[in-house]
Amino acid sequence: MKEIFIDTGHFVAVLHPGDQLHEKSVSIEKSLAATRLITTDFVLIEVLNYFSEFQEYFKNRIARAVEAIISKSEIQIIECSRREFSKGFELYKLRLD
């Protein structure tokens, strides 16, 4: 089975109807039915942070959407620890371009 990493940009575009990539991202997501989707706790935190300045009703909608993402068995969510953070931070420092 094919695997794809889902990043913050994809989730934001799917969840925000006003995003310029919304329609394209929704279409892409529908085509991924036979694909194992992978993301991380950090990505979900970034999604919540992105919407943190939106109005309460929209933030509530996003919170429910993230809960739905967490509960989907077809999405693997990698739990992140200090060790994973440190590995990612080292990679960041190596690729400052």
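Axes are lines fitted to C-alpha atoms, and angles between them run from 0 to 180 degrees between N-to-C directions. The model discussed here is predicted.

Q: Which residues make the contact between helix 1 and helix 3?
A: Helix 1 contributes Thr8, Phe11, Val12 and Leu15, while helix 3 contributes Val43, Leu44, Glu46, Val47 and Tyr50. By class, this contact has seven nonpolar residues, one polar and one charged.

Q: What makes helix 3 and helix 4 roughly antiparallel?
A: Helix 3 and helix 4 (residues 56–71) pack at an angle of about 165°, with their axes 10 Å apart. Angles over 145 degrees count as roughly antiparallel, and the description therefore applies to helix 3 and helix 4. Their crossing is right-handed.

Q: What classes of residue form the contact of helix 3 with helix 4?
A: Leu44, Val47 and Leu48 in helix 3 meet Ile62, Ala63, Val66, Ile69 and Ile70 in helix 4. The contact has eight nonpolar residues, no polar and no charged ones.

Q: Why is the pair of tyrosine 50 and phenylalanine 51 called edge-to-face?
A: A search of the whole structure finds nine aromatic pairs. In the pair of tyrosine 50 and phenylalanine 51, the planes are 80° apart and the centres 4.9 Å apart. Ring centres within 6.5 Å make a pair, and planes over 60 degrees apart make the pair edge-to-face. Tyrosine 57 and phenylalanine 58 also form an edge-to-face pair, at 6.3 Å centre to centre and 90° between the planes. Tyr50, Phe51, Phe54, Tyr57 and Phe58 form one aromatic cluster.

Q: How do you know whether phenylalanine 51 is buried or exposed?
A: Buried means under 20% relative accessible area, and exposed means over 50%. Phenylalanine 51 has a value of 1% and is therefore buried. Phenylalanine 58, at 9%, is buried too. Tyrosine 57 has 58% and is therefore exposed, whereas tyrosine 50, at 41%, is partly exposed.

Definitions and conventions. Residues numbered from 1 in each chain as written. Predicted model: local features only at pLDDT ≥ 70, side-chain atom pairs only at ≥ 80, totals over all residues. Heavy atoms only, no water. Contact = heavy atoms within 4.5 Å. Helix = DSSP H or I, 4+ residues; strand = E, 2+ residues; numbered from the N terminus. Nonpolar A, V, L, I, M, F, W, Y, C, P; charged D, E, K, R; others polar. Phe/Tyr/Trp six-rings, centres within 6.5 Å; stacked < 30°, edge-to-face > 60°. Buried < 20%, exposed > 50% of the residue type's maximum accessible area, 1.4 Å probe, protein only. Parallel < 35°, antiparallel > 145°, perpendicular 65-115°, else oblique. Left-handed = near helix turned anticlockwise from the far one by under 90°.
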